[in-house]
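Dear colleague,

Please open it first, and then read my notes below alongside it.

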Amino acid sequence: MVDVSPQDGRSGDPRYDRPLGTTAERNLNADEVRALWNFIHGDIMEVRTRNRLREHWGMCTRHAWAYAVVEIELWEAGAGRRGGHQPFDVSILYQDLLATMRDGLGRVRGRRFTRTLLPRGGCVICDKLRTPAPGGIVSTHAGFALAPLVGEANEMIHTRVWLDETLLEWQGSVCPECSDELGIPAREGILPCRSHLAAAGSLSDAGVELTRTTLAELQRDIRELTDSMTQNGAPSTRRIDASWVRTLGWFHGWRFPLELRMG
């Protein structure tokens, strides 16, 4: 049974402060699926929203990964090899965020780089969830019934396929500190994710340039992923298919894909 009863924002459901997961207390509730599905279908196109996403480096960790999950699980039709169940919207947003981050890091030196890495403002989805939920029969964009969408999103079938198929391409990019937090051996020399990089407090000019180079490679790969999901785009490779995982992992940490793989 899927719970589609309204929730009273962040104060009504403590899961919003927890990492996304597949257990009952950490999976997506109806309000989150509704907000993310509606976001994909329109809110992201608003200039004010795009500016807020740049300031906050996307959404919070939970809703950044949930954004990808909802699009992959629920978007059934599209161009490209898969013809659907793919992170098209996500890839477009993160091309922009990668470019914005690279530009920002190019203007700083020493300890000031931390200011660029840290988010400003709040998560646009968390803010939506604080508003009063609609009453009566709850549906979502274009009148889709909400309960089946919530069930499909939380099964994460297609998301697992993406992670499984691209594992060899993204596992070498996992932040070592994210791995250590979960007790998973990490490879040495891998670039920390954004939050752990910011927590370090300082970085040499060479380190900043290495980060910018890594982000430039991600930006190139995720652009190719976007193109592969259009009518005339070239087919992608496993490396290109993994680019959205590597990008979200760097921006938002690696707990979600690591736990989903372990599960």
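Helix H2, which runs over residues 30-40, is mostly covered, since 10 of its 11 residues are buried. Please keep in mind, as you read on, that this is a predicted model. The buried residues of H2 are Ala30, Asp31, Glu32, Val33, Arg34, Ala35, Leu36, Trp37, Phe39 and Ile40. If you look for what covers these buried residues, you will find that the cover includes helix H3 (47-56), H4, helix H5 (88-105), helix H7 (124-129) and H8. At the N-terminal end of H2 there is a cap, provided by Asn29, which has a side-chain oxygen 3.1 Å from the backbone nitrogen of Asp31.

**Two helices that cross**

In general, two packed helices are described by the angle between their axes and the distance between the axes. For helix H4 (residues 61-74) and helix H8 (residues 146-155), the axes come within 9 Å and cross at roughly 110°. Because angles of 65 to 115 degrees count as roughly perpendicular, H4 is described as roughly perpendicular to H8. Where the two meet, Val69, Glu73 and Leu74 come from H4, while Leu149, Glu152 and Ala153 come from H8. The residues of this contact divide into 4 nonpolar and 2 charged, with no polar ones.

Thr116 has its place in helix H6, which covers residues 113-117. Is Thr116 buried or exposed? Its relative accessible area is 12%, and because buried means under 20%, Thr116 counts as buried. Leaving aside the neighbours within four places in sequence, Thr116 is in contact with Trp57, Met101, Gly104, Leu105 and Val108.

**The chain as a whole**

Stepping back from these details, the secondary structure of the protein chain comes to 16 helices and 0 strands. The chain has 263 residues, of which 48% count as buried. Among the contacts in the chain with a separation of 6 or more, 74% are between residues 24 or more positions apart. The protein chain exposes about 12100 Å², and carbon and sulfur atoms supply 51% of that area.

With best wishes

Conventions: Residues are numbered from 1 along each chain as its sequence is written. This is a predicted model: local features need pLDDT of at least 70, side-chain atom pairs count only at pLDDT 80 or more; totals for chains, interfaces and linings use all residues. Side-chain values use heavy atoms; hydrogens and water are left out. Axes are lines fitted to C-alpha atoms, for helices over the stretch in contact, and angles run from 0 to 180 degrees between N-to-C directions. Helices (H or I, at least four residues) and strands (E, at least two) are DSSP runs, numbered from the N terminus. Angles under 35 degrees count as roughly parallel, over 145 as roughly antiparallel, 65 to 115 as roughly perpendicular and the rest as oblique. Contact means heavy atoms within 4.5 Å. Ala, Val, Leu, Ile, Met, Phe, Trp, Tyr, Cys and Pro count as nonpolar, Asp, Glu, Lys and Arg as charged, and the others, Gly among them, as polar. Buried means under 20% relative accessible area, exposed over 50%, partly exposed in between (1.4 Å probe, protein chains only). A polar contact is a pair of N or O atoms within 3.5 Å; within protein, one must be able to donate a hydrogen and the other to accept it, and residues adjacent in sequence count only if both atoms are side-chain atoms. Accessible areas come from the Shrake-Rupley method with a 1.4 Å probe; for residues, only the protein chains shown count as cover.
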